[in-house]
Amino acid sequence: MRLLTAALAVTAAVTLTGAAWNPGVTLTGADRNSAGTLTGADRNSAGTLTPIAGADRLVAPLDVDPACPAKIEIGMRSDAKKPQYATMNVEVDPPLSASRTMVSSYLPPGYELGAKLLVAVPPGTKEGEYGLRLRTPSRTLSVPVEVVPVDRLDNGGNLALRRPVTASSQHTNANYPPCSVADGDRSSNGWAGGNGWNDATGRAWPDTVAVALGGTRQISRVDLYTLDTERYPASAVGLRDWDVQAQVGGQWQTVAQVRGNTAGNVRSDFTPVGADAVRIVALASNGANDYTRIIEVEVR
Ligand SMILES: [Ca+2]
């Protein structure tokens, strides 16, 4: 079963950047050292190199699990007429830190390339706005980073967003952290890149993952997103059977049940209840019926 998980990881790494980006270009700082051996790149003809960000601002919550930092897609586009060796520097105001300080690559004309940037907020950081700058030789793109307490997040009504998550087990691969089921990203494209929980007990059930709501909240709906991509559809590797439980007065109550699911996401509505936490009790997955794979849990 670990083989299956590994195969999923490889595929996700290729598709992570999405259709708009060019996934064929390697994005590592090590490329810089090979610049002298590149052929076909005319450094003197370097045209405009435009920094790109996937959003015009980034919200970075305070005091969240370090395994699930704020993230944003960044990249650059070359408008040069010839291939060039391109470098973009990434700067962030302290005490925030970014997962990379530069993006560099051999870049054909008209190409865009992308990378995921993680922005960590150390404990004790003051809330407020911090600067993130993507800097090429010709242009700088500023993306404000707003550091806010979880209680003041604009959660769009999703009471689970960025709340503490606990799980029955955690995969040895750190790219499947439990906190990723409440990170606000419900897309399966980030699978194996820190955007979904994979438990560690193949073919052993049940598995559980719980989200604390930060106090008693009136809830009546839970949306669960399981792994569902074109290559790995939910009907083959997604979650099939589970119970939705609410913690009421210290006791877990089953408020909804899902059986025989083959879809990527399922909405469960139930009689309103005042709950401190929500728990998914996973009972079986599809296909090989091996692991629990949950991308996101939303509570309303
Ligand atoms: Ca997620």
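In which sense do S8 and strand S11 pair, and over how many bridges? They pair in the antiparallel sense, over 3 bridges. This is a predicted model. The protein holds 2 helices and 18 strands. Of its 300 residues, 39% are buried.

**The sheet around S11**
- S2, S11 and S8 form an open sheet of 3 strands, in the order S2-S11-S8, with mixed pairing.
- Strand S2 (58-61) and strand S8 (128-130) are the edge strands; each has a single partner strand, so one side of each lacks a neighbour in the sheet.
- Direction ignored, neighbouring strands of this sheet are turned by 30° against each other on average.
- Strand S11 covers residues 145-148.
- Within S11, Val 147 is the bridge partner of Gly 128.

**The largest nonpolar core**
- This core has 41 residues.
- Val 211, Val 278, Ile 280, Ile 294 and Val 297 have the most contacts inside it.
- Several elements supply at least two residues each, including strand S12 (165-167), helix H2 (234-237), strand S17 (265-285) and strand S18 (293-299).
- S14 gives the largest share, 7 residues.

**Another core**
- A core of 26 residues lies apart from the largest one.
- Among its members are Ala 70, Ile 74, Val 92 and Val 147.

**Contacts**
- Neighbours within four places in sequence aside, Ile 294 is in contact with Val 181, Gly 196, Trp 197, Val 209, Leu 224, Thr 226, Leu 239 and Ile 280.
- Among contacts in the protein with a separation of 6 or more, 73% join residues 24 or more positions apart.

Terms used. Residues numbered from 1 in each chain as written. Predicted model: local features only at pLDDT ≥ 70, side-chain atom pairs only at ≥ 80, totals over all residues. Core = buried A, V, L, I, M, F, W, Y, C linked by C-beta atoms within 7 Å. Buried ≥ 20, exposed ≤ 12 C-beta atoms within 10 Å, placed from the backbone. Helix = DSSP H or I, 4+ residues; strand = E, 2+ residues; numbered from the N terminus. Contact = placed C-beta atoms within 7 Å. Pairing = 2+ DSSP bridges. Axes fitted to C-alpha atoms, helices over the stretch in contact; angles between N-to-C directions.
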